[in-house]
Amino acid sequence: MNVNQHTPMASPYGQPQPGYAQPGYAPLDGGYPAPYAPYNGPASAYQPGVPPQGYSPFTSFPSKAVAANPVSDLSSPLDLGQARGPPNAAPPPVSAPQQYNQYSHSQVDMQNGPPTMTQAPPRPAAAQPYSQGHTNMTGPHPSYPQHYGPPPTMQQVTSQMTGMQITSGPPTPAGPGYAPPHSSQLPISTYSAPPQPSYTQAPPPASSAPTQPPPPGVPAASQQYYGGPPPPSQQPFDSSRPPTSQQQFTSSAPPPPSQQTFSPSSFSGPPTRLQAAPVSQPQPPFPAAPPSLSSAPPPGSQPGFAGGPPPIAQGSFPSQLPPPSSQPGSFPPPGPPPTSAASGQYPPMSQPQQPPAAQPSPYHSGPPPPRAQMPPTSMGQSNHLPPGPQGPQGPPGPLQQPPVQPGMQTGYPPQQNGAFGQARSPQPGYAGPYPGQPNYGASAPAPGVAPAPQKRLDPDAIPSPQASDMPAVQKSRHRIDPDAIPSPIQVIEDDKAKTNEPFTTGVRGQAPPLVTTNFQVKDQGNASPRFIRCTAYNMPCTSDMAKQSQVPLAAVIKPLATLPPDETPPYVVDHGEAGPIRCNRCKAYMCPYMQFIEGGRRFQCGFCSCVTEVPPHYFQHLDHTGKRMDCYDRPELSLGSYEYLATVDYCKNNKLPQPPAFIFLIDVSYNAVKSGMVSIVCNELKSLLDLLPRQNPEVDSVIRVGFVTYNKVLHFYNVKSTLAQPQMLVVSDVSDMFVPLLDGFLVNVNESRQVIESLLDQIPEMFADTRETETVFVPVIQAGLEALKAADCAGKLFVFHTSLPIAEAPGKLKNREDKKLIGTDKEKTLFQPQVGVYNSLAKECVAQGCCVDLFLFPNQYVDLATLGVVPVSTGGSIYKYTYFQAQTDQERFLNDLRRDVQKQVGFDAVMRVRTSTGIRATDFFGSFYMNNTTDVELAGLDCDKAITVEFKHDDKLSEETGALMQCAVLYTSCSGQRRLRIHNMAVNCCAQLADLYRNCETDTIINYFAKYAFRGVANNPTKAVRDTLVNQCAQILACYRKNCASPSSAGQLILPECMKLLPVYLNCVMKSDVLLPGADVSLDDRAYLKQLIGCMDVAETHVFFYPRLLPVMKLESGSLPVAVRDSEERLSKGGVYLMETGLHLFLWVGASVQQELLLSIFGTPSFSQIDPNMTNLPVLDNPFSQRLREVVDSFRAQRSRYMKLMVVKQEDRAELTFKHFLVEDKSASGGASYVDFLCHMHKEIRQLLS
């Protein structure tokens, strides 16, 4: 949509922003009359002049109140950079603001600017707000006290964001944070030089106060910043400052407080690019506020900042949230942790506390630990520029940011790890990452020097997400108000709100509800989204268009997905001995896309257009519309998914298959026995054998079972029903494995139950005193494979293994874990199998239909990258229980084992994806084996496995016919029946890029990117993989900006409506342990996650990369409370939060939770008496306890793996683990925060556009 249109913006996520008075938000069109009109983003980049007083800084952004914003349809602008137009005194154009609006309005109701008051505050703005205006991320943010003070209002934030534009250049006189709106902002660094004192001038009007009340320390004025035009006095400051340059930044609205805090420049430190772009709007007011904010020292004081960010009064922060310190957990302390305060509102920090420039803010008290990826601690330094060099704190000079060259993207400091913005502080000597950004730490450029004008520095100026640029305090806050950027929670909640009726699949190219929404599906000709989800439901017509957009064209297919009880499983079609009807040429199966002609005697294939005769037994007359009379009686003619019974022609060697077998192979070495694993497995199998999968619940399972134990030799057991006691046969020649018995090894459970139970009782006793510590592995798999070959059936091996196989035998491994290789070009070798025998063994298993599930219980390195080759290639699963302890891990292990044994599974499967002319499947991701380019072979395929398929053009597509795909899976069911499961999907084709961007699904794109990247680490350095992800994402968004968005200033970040969460989710992938490991992440952990994510479906990758965080204290009997964003500043000390990642459950308990809540959950009134080692909630007789346990159980029921509960008390050691999953914050391994990454993304996009 037109970016410029206004869209109504809801108040950010429902939180009213204090700063915006409703009245304040006048309709965009008028500009916001109110003092704080919603901020549209940075005011026009130009902002050159001071905005007229009456003019509300937010004019440019549509107010949230605005009515719908058409734009939203396609895009949501986020103002990251300077205002978009040439700098001029006038307020930014309204339209631009709208763009932003779009964002905000549009679906998410996010607003870039503060939400308008008129709207009811919807949910708290999670992030969406950003859409409102464009936020200038780049401008410097004033260091308003605001940060510390009340959280800025959305508007303010936006303004700030705008202001944020980070341009490099001297800070504005007004203050680094604010450039006066000058008549022309200089592209140049924005600040030029005037001291910031001006800001202090007048406090902003109270009304503008940010949503949160201003921090106590901060005067209301600061809020005002956000609010309306700067007070006249403030304006002066602008005037004082060099008009343009600073202005730019400044003029735009000040950066959101959080950011502001950061930007050193605002603080007197060297200017940060963050500086707010000049806000045409009354940014000045912001400035004025600063003094009040105390967070930033008055201009004079500012210098203090410069030295280091003023310390945020942590206390204050903490007041809101846990002390930042916790944050550090996630990221290095250097950057202030995002303040705990909600981003929207940081708890007021005592700004006054700012430390003198020289000292870093308390937050960052030192340079932050260098982010791993960031350039050398640039962030830390930046944070607090060294007092000296940073020098001038002074607002006075152009904050000494180094001049940025206009085009230059200093952007991110290089990340050491490739993570953006890791290092939040500048590194000395480091060029400012973003053009506007000063080099923190580095010596400041001469104050007098004005940076080269940066035209659209803003974004560039935005320091890359490095905290470094901002003063410590500021850093602690984000330069950009986190409530002003797209919020995943808002998008998820908006989707739930608009999904109130079943999703019918009959409309071609219709995108389904998100995976986070509960909905019912009615199959009317296309496969349910539970079976197939696409990245784009409008395919580009040509390969050139696909290359230009860089949007991956892929489908995530889960062929045997389990459907909810209210949906009908696929019907089974039996055509008798003739078998399924197929196209003569391409062999596609009969489906709703086949067109019957000549009165029904022939049909034309929808895939290849070939005409095929209809067999006499299948003939049916056509009605007046050309459809067969029996169309709705036949699943294959009316439904998207169905099954065929396959004939003998579809079977191996042309003979019907035998029922499959399950073989249990148990490690009985010293570690296995000592940990309790052996006795737990043997005890559980007695009851589990009654739960083997079956086609018909009324009939006993036909699956046969066998048992093997091993250490460095193998023990086979004869459990024939005629025996009184089981017999053991030992094979010690592991170099040439064979099965010592045929009859009596694989048996029917019911017939041999007594012998099997006797064996399971004896195994733990037999090996109780073992001293054998060495194990083998390859011979164990070979034993199971040979047994299946001898029985001529497919099946599954359940291997329970504990250690690195170092005994003399094929597949012997050595410990090759070398931390020194991490981050080097040789790191990729650690993800490749050590020896070739594993690959050849995997190939043999697939040929026999032998699937391997591996349960690992390691106490040290076991080389999962090598051991996992066979399970991954055969379609199996890997379960890992590091440091297994019976009392704490037994429940998780047994639940996983029960589900793994009972779940529906197909054996000896082959999958082929056929497509209509014009596209073809070119790449596949998942757990399978491929011998050629078309057939995906799976020894086993269960209901949890998904395969991601990528498509490429080999010809043009037409908008009329669309694009078709048919996934056919041939498999043996658990009852031994050969079946074909068919899933059909039709999507639209488009000749306009805008249509492509209108119908994409970000969650599916992230699933593809994660699998693509994780597979890539075995052949490329992790940094190269991360760079590739960022580059492709930037190209996708830059293509949209260039070809689909209405023209606007470069300072604006404009995102397609359906992809506005692409940056936040992609950043989560980039920060994952696979691509950016922390020091405590083992190589086995990384290999495990790499293999696990490889076969996840879209719902699983979504919750894995962006965990669900529920405020338990708001739990009610009916529905679940709305989740909160994954950031420490969203946590309240008085709250209890339940986090779900798909693999873990955490219950985080704040230090000041009310006694009644503790009593109802834990049965104790004291925080100190809560047992942090509990893995299950106590069963208490009160409604709250019962409801919470129901929620935990329902979460576990939705996931394929049992999630162990971990209770995390605030300030406890376990909190570091929990914080690792607060993915919007900086990570301890150097991963950028969401705000920093968004700035970095904006910089990359601008680079591509220029």
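This report looks at selected strands, helices and cores of one predicted model.

## Ground rules

This is a predicted model, in which local features need pLDDT of at least 70, side-chain atom pairs count only at pLDDT 80 or more, and totals for chains, interfaces and linings use all residues. Residues are numbered from 1 along each chain as its sequence is written, and side-chain values use heavy atoms, with hydrogens and water left out.

Start with strand β13, residues 704-710. Strands are DSSP runs of E with at least two residues, and helices are DSSP runs of H or I with at least four; both are numbered from the N terminus. Six of the seven residues of β13 are buried, so the strand is largely enclosed by the rest of the structure. Buried means under 20% relative accessible area, exposed means over 50%, and partly exposed lies in between (1.4 Å probe, protein chains only).

β13 pairs with several strands. Two strands pair if DSSP finds at least two bridges between them. Strand β12 (residues 661-667) runs parallel to β13, joined by seven bridges. Here Leu 665 has Val 708 as its bridge partner. Strand β14 (residues 714-718) runs antiparallel to β13, with three bridges. Val 708 finds its bridge partner in β14 at Phe 716. A hairpin of three residues links β13 to β14. Strand β16 (residues 747-748) is also antiparallel to β13, over two bridges. There, Val 705 is bridged to Val 747.

## A four-stranded open sheet

Further along, four strands form an open sheet in the order β28-β29-β30-β31, with mixed pairing. β28 (1108-1111) and β31 (1204-1209) are the edge strands, and each pairs on one side only. Neighbouring strands are turned by 20° against each other on average, direction ignored. Axes are lines fitted to C-alpha atoms, for helices over the stretch in contact, and angles run from 0 to 180 degrees between N-to-C directions.

Strand β30 (residues 1144-1149) pairs with β31 in the parallel sense over six bridges.

## Helices α29 and α30

The axes of helix α29 (residues 1022-1043) and helix α30 (residues 1062-1070) come within 10 Å and cross at roughly 175°. That makes the two helices roughly antiparallel, a label for angles over 145 degrees; under 35 counts as roughly parallel, 65 to 115 as roughly perpendicular and the rest as oblique. Contact means heavy atoms within 4.5 Å. Among the residues in this contact are Arg 1026, Leu 1029 and Ile 1036 of α29, and Leu 1062, Pro 1063 and Met 1070 of α30.

## Ser 549

Ser 549 sits in helix α17 (residues 543-549). Ser 549 is buried, with a relative accessible area of 0%. Leaving out residues up to four places away in sequence, Ser 549 touches Leu 993, Leu 996, Tyr 997, Gln 1035, Ile 1036 and Cys 1039.

## Nonpolar cores

A nonpolar core is a set of buried Ala, Val, Leu, Ile, Met, Phe, Trp, Tyr and Cys residues joined through side-chain atoms within 4.5 Å. The largest has 183 residues. Met 539, Phe 716, Val 799, Ile 1161 and Phe 1162 have the most contacts inside it. α29 gives the most to this core, with 10 residues. A second, separate core has 42 residues, including Leu 688, Val 705, Val 755 and Leu 760.
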